Amino acid sequence: MSVNGVTNSMASSYTSATNAATKSAETVAKKSAAEDVGVVYEPSKAKDSKDKKMTDYSSIVSGLKQELSTKNQQLQNLVTQLLGKQAKKYTSLSDLFKNLNPDAATVAQAQKDIGEDGYWGVEQTSDRLVSMAQALSGGDASKADEMIAAVKKGFEQATKAWGEDLPDICKQTIDAAVKKLTDWRDGITAE
């Protein structure tokens with residue numbers, strides 16, 4: 001073996017050892033740099049809740065229709081239970097309900113449904129009337145007078161179909177709905 005062979009062999013060993021040490025130092029430097037950075041907090045751009053305004057009225061209308069369909073079915077079931085197999089012809093809707101003898105469970109359910117917190121109570125029913133009117137108007141408060149007139153017209157038609165004055169709960173519901181629509185029109189309440 002020549003001196004050059006030994007020298008070349010030692011030089012290549014030295015070079016590979018130096019390269020390995022350099023790479024190892026670079027890896028340690030990269031790891032420590034990554035550890036120094038850590039997690040960076042980037043705050044989200046939250047919108048002010050006052051700036052949010054409901055504009056998807058179609059979903060409100062479809063939700064109200066679905067809810068109304070379910071509740072109408074429940075009401076129809078209640079009326080079917082009340083009437084049973086009666087087949088008389090009546091001159092008005094009020095005659096239909098004069099001589100009923102409902103069971104205690106049906107009476108209790110009806111009282112719960114029209115109670116203060118009931119689905120057919122004044123507050124919930126007037127809220128649904130107002131929501132429907134707002135949705136149908138596209139959220140345009142300038143159309144509130146048209147909606148109020150439509151609510152009153154519907155009440156008059158229901159009174160005519162009933163054959164006499166509607167029960168007080170109906171009058172209270174219409175009065176509450178008209179008040180809420182008037183407040184909405186005048187900017188006293190928001191949507």
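A residue counts as partly exposed when its relative accessible area lies between the limits for buried, under 20%, and exposed, over 50%. The structure shown in these views is a predicted model.

View 1. E67 belongs to helix α2, which comprises residues 57-83. With a relative accessible area of 34%, E67 is partly exposed, because this value falls between the 20% and 50% limits. When neighbours within four places in sequence are left aside, the contacts of E67 are Y119 and R128.

**View 2. The aromatic pair of Y119 and W120.** The count of aromatic pairs comes to 1. Y119 and W120 form this edge-to-face pair, with 5.0 Å centre to centre and 85° between the planes. Y119 is buried, at 9% relative accessibility, whereas W120 is partly exposed, with a relative accessible area of 24%. Y119 is also one of the residues in contact with E67.

**View 3. Packing of helices α5 and α7.** Helix α5 (residues 122-136) packs against helix α7 (residues 168-185) at an angle of about 45°, and their axes are 8 Å apart. The two helices α5 and α7 are therefore oblique to each other, and their crossing is right-handed.

**View 4. Residues at the contact of α5 with α7.** On the α5 side, the contact is made by V122, E123, T125, S126, D127, L129, V130, A133 and Q134. These residues meet I169, Q172, T173, I174, A176, A177, K180, L181 and W184 in α7. By residue class, the contact of α5 with α7 consists of 10 nonpolar, 5 polar and 3 charged residues.

Conventions
Residues numbered from 1 in each chain as written. Predicted model: local features only at pLDDT ≥ 70, side-chain atom pairs only at ≥ 80, totals over all residues. Heavy atoms only, no water. Axes fitted to C-alpha atoms, helices over the stretch in contact; angles between N-to-C directions. Helix = DSSP H or I, 4+ residues; strand = E, 2+ residues; numbered from the N terminus. Parallel < 35°, antiparallel > 145°, perpendicular 65-115°, else oblique. Left-handed = near helix turned anticlockwise from the far one by under 90°. Contact = heavy atoms within 4.5 Å. Nonpolar A, V, L, I, M, F, W, Y, C, P; charged D, E, K, R; others polar. Buried < 20%, exposed > 50% of the residue type's maximum accessible area, 1.4 Å probe, protein only. Phe/Tyr/Trp six-rings, centres within 6.5 Å; stacked < 30°, edge-to-face > 60°.
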